[in-house]
Amino acid sequence: MKRVLMILLILTTGGIKLSAQTKGKKAPAAKPKVVTGAVMANGKKIYGQYCLACHMADGAGVPNMNPPLTKTSYVLGDKTRLINVILNGLATGEEIDGETYTNIMPPHNFLKDQEIADVLSFVRNSFGNKAGGISVAEVKAIRAKNTKK
Amino acid sequence: MKKILLIPVLLSALVFFTLYAFKDISALGGPKPDADNVGLKLPEGFGALKVADIGAKARHIVVTPQGTIYIKLARVKDEKGIIVLKENSDGRAQITGGFGNYGGTGIYMKDGYLYASSNKEVFRYKLNDKNEVIDPNNPEIIVKGLKMGRQHETKSIVLDNDGNLYVNIGVPSNSCQVQDRGLRSPGIPGCPLLDSAAGIWQFKKDKLNQSYSEGVRYATGLRNVVGLDWNQQNNQLYVMQHGRDNLNSSWPEIYDTKESAELPAECLYALKKGDNAGWPFMYYDGLQHKKIVAPEYGGDKKKEADPKYLDPVVAYPAHMAPNGLLFYTGNMFPEKYKNGAFIAFHGSWNRAPEPQKGFFVVFQPFKNGKPSGDWEIFADNFAGTPEKASMNKADHRPCGLAQGADGSLYVTDDAKGTIYRIVYNKK
């Protein structure tokens, strides 16, 4: 009986997870990527080269100018939106968690799929963040969808 | 009999009250600094007291001879963009009200009017003989329709003695690149943004509803100015430019992160009508003491720019964000401070991964209307500790400066809204 319940539980949670993924994005529902040490190391390198100047070494950003990467739905939430921020930049001046930021983020579409996947996986698992990694396939799919438009 | 008794009583009362009054005056002698100088590090003989904590992003500030303080807020709080405080004799002040439902930075008092700016307009409010705003809800619109981008959007203001108002119009761009702050993105030829931004515009102080067509582009090639003041000795406008960012992140093949942290200088300019400080085509290299062609316009960090561009009168370390400039004309501070400049450096961010710099008020000595001698840090430790001297950790960030009637120096903080008053107490 207990075993049946367990199986049921696993099945339902799995089902919820799956449906959440398909709802979140129409891109291929890749399995949440395990963030390896190698990914973190490469992500950190990319971060230092392209992100740190504005978002700072601790990811805390600059008040009123460059938004923080800590505890924000932009980083921890919808992966599609996050990948698009890297590909297209962010220049809309929208409020982010109640504050506005003046500086434009230029598009970083010159980064390779692997680089974007690694740096985002790094950001989602640094500065106190804890979220699933982002795969090359996910970046590739969104980039392809953008260029089709 | 009763009358005879009354006289000595009255006399002694008179003596008592006279003495008491004098005692009071000697006790006044100006407000006393707080025991910890509100956490500031100051030169010997100086002290600081906390005037108020207003809990808002306090930008520029006006202090009247009657002890009324007007503070412009970056963002409206409870529908108020200007906060009014009243000082007690001990130097503490309470918020007594507010008005002006717009955020901004600029505020200035001159000849019976209070001028204040939103990020698109300049308003003015008539003052009564106590320098109180008569009708806070119905200001005159002096200037309107100014361009405002997301960055460098604030409009700092100052007036001269000939009926003119000067307004900074910062440019919503770092270096006029095709893709702002983009990797290896070139400069837009001729930089068309210069026609309506990146300069100081001059307007009439009392003409209503002026905009670009009524104004004069007084000086150009200034990326963004926040701190500015009218120098009464030279009868001339002085401004502090916020120099460009991102030399390494846009041009990693030319500038390493160390060079990017130290370039370009934050410059003090003495302006005359028609001056061009060269943005975006050049920047001032404070290490080589040269005007250098910007990488967006073919520069290689060595090629010198056209000598026609204006030279700064003083160059300060890069990225420290000068947000307040004040020429000191008071009598409280020692003689060396007279007619010199105080500069509030808000603090850097674009020096990362190198350590940040700023979060202090600098004193720049002047002699006979010219900078004379090295600048020095005057008020330090707004950040709280040296480790917290970065934008996202600093407890306080100095922004606006004002001189009190007694010659004390007021400093605002746009992180937490602490208002400081620095006094000299060594005789």
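**Helix H7 of chain A**

On the other side of H7(A), I find Thr147(A) and Lys148(A) exposed (over 50% relative accessible area, with buried under 20% and partly exposed in between, for a 1.4 Å probe and protein chains only). The model is predicted, so I took local features only at pLDDT of at least 70 and side-chain atom pairs only at pLDDT 80 or more, while totals for chains, interfaces and linings use all residues. Residues are numbered from 1 along each chain as its sequence is written, chains are lettered from A and ligands numbered from 1 in the order in which they are written, and side-chain values use heavy atoms, without hydrogens and water.

I list Glu138(A), Val139(A) and Ile142(A) as the buried residues of H7(A). Seen down the axis of H7(A), these buried residues fall within an arc of 95 degrees, so they line one face of the helix (the arc is that of the directions from the helix axis to the C-beta atoms).

**Aromatic pairs in chain B**

I looked up Phe327(B) and Phe366(B), which form an edge-to-face pair with 5.3 Å centre to centre and 90 degrees between the planes (rings of Phe, Tyr and Trp, the last by its six-membered ring, pair if their centres lie within 6.5 Å; planes under 30 degrees apart are stacked, over 60 edge-to-face, the rest tilted). Phe327(B) lies in strand E21 (residues 322-327) of chain B and Phe366(B) in strand E24 (residues 366-367) of chain B, so the pair ties together parts that are 39 residues apart in sequence (strands, E, are DSSP runs of at least two residues and helices, H or I, of at least four, numbered from the N terminus). I find both Phe327(B) and Phe366(B) buried.
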